[in-house]
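Take a look at the sequence and the model below.

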Amino acid sequence: MTDFTLDDLAGIIATRARSGDPGSYTAKLVGAGVARCARKFGEEAIEATLAAVGEDDEALTAEAADVLFHLLVILEARGIPLSSVMAELKQRTAQSGLAEKASRGGAADPA
């Protein structure tokens with residue numbers, strides 16, 4: 001198990017996004033705007049989905065890392081702290097998943 005956390009990654013992303021470093025992928029991506037960040041996240045999510053369906057554990061692991069990274073980039077670009085997402089998850093896990101989903105007005109998906 002690693003001691004590297006999503007909080008650590010969010011901090012690195014925040015630092016790089018604000019660095020102004022022309023050699024930073026993160027700074028360049030955030031500088032391109034939220035829509036570009038979201039498109040990149042979508043691409044990575046599709047790649048993770050394909051790796052999962054293809055039952056390729058190594059590829060899924062790599063793509064999951066890309067998904068998490070790009071999600072945190074979107075949050076940074078929008079100015080939403082990871083702590084807000086974690087607070088939302090904490091609130092949602094205080095009840096069963098089906099009850100929580102029903103409380104948001106979504107149909108329960110048993111899968």
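## A pair at one helix turn

E88 is partly exposed, at 34% relative accessibility. Here buried means under 20% relative accessible area, exposed means over 50%, and partly exposed lies in between (1.4 Å probe, protein chains only). The areas themselves come from the Shrake-Rupley method, and for residues only the protein chains shown count as cover.

E88 forms a salt bridge with R92, and their closest N and O atoms are 2.9 Å apart. A salt bridge is a side-chain nitrogen of Lys or Arg within 4 Å of a carboxyl oxygen of Asp or Glu. R92 is partly exposed too, with a relative accessible area of 29%. Both residues lie in helix α5 (residues 82–92), four residues apart, about one turn of the helix.

## Model and overall fold

This is a predicted model: local features need pLDDT of at least 70, side-chain atom pairs count only at pLDDT 80 or more, and totals for chains, interfaces and linings use all residues. Residues are numbered from 1 along each chain as its sequence is written, and side-chain values use heavy atoms, with hydrogens and water left out.

The chain has six helices and zero strands. Its pattern along the sequence is α-α-α-α-α-α. Helices (H or I, at least four residues) and strands (E, at least two) are DSSP runs, numbered from the N terminus. The C-alpha trace spans about 45 × 35 × 35 Å along its principal axes. Of the 111 residues, 23% count as buried.

## Other salt bridges

How many salt bridges does a search of the whole structure find? The search finds five. One of them joins the side chains of R18 and E76, at 3.0 Å from N to O. R18 sits in the loop between α1 and α2 and E76 in helix α4, so this pair ties together parts that are 58 residues apart in sequence. R18 is exposed, with a relative accessible area of 65%.

R36 and E43 also meet through their side chains in a salt bridge, at 3.9 Å from N to O. R36 is partly exposed at 30%, and E43 is partly exposed at 34%. A network of salt bridges links R36, K40, E43 and E44.

## Contacts across the chain

The structure holds one aromatic pair. Y25 and F69 form this pair, which is stacked: 6.3 Å centre to centre, with 25 degrees between the planes. Rings of Phe, Tyr and Trp (its six-membered ring) pair if their centres lie within 6.5 Å; planes under 30 degrees apart count as stacked, over 60 as edge-to-face and the rest as tilted. The pair links distant parts of the chain, with Y25 in helix α2 (residues 25–31) and F69 in helix α4, 44 residues apart.

L6 lies in helix α1 (residues 6–17). L6 is partly exposed, with a relative accessible area of 34%. The C-alpha atoms of L6 and L82 are separated by 8.2 Å, although these residues are 76 apart along the chain.

## A negative patch

E55, D56, D57 and E58 form a negative surface patch. Patches are made of residues with over 30% relative accessible area and no salt bridge; like charges are joined within 9 Å, and nonpolar side chains (Val, Leu, Ile, Met, Phe, Trp, Tyr) within 5 Å. D57 lies in helix α4 (residues 57–78). D57 is exposed, with a relative accessible area of 59%.

Notes:
Areas by Shrake-Rupley, 256 points an atom, 1.4 Å probe, with all protein chains shown as cover. Lys, Arg positive; Asp, Glu negative; His and termini not counted. Charge placed at Lys NZ, Arg CZ, Asp CG, Glu CD.
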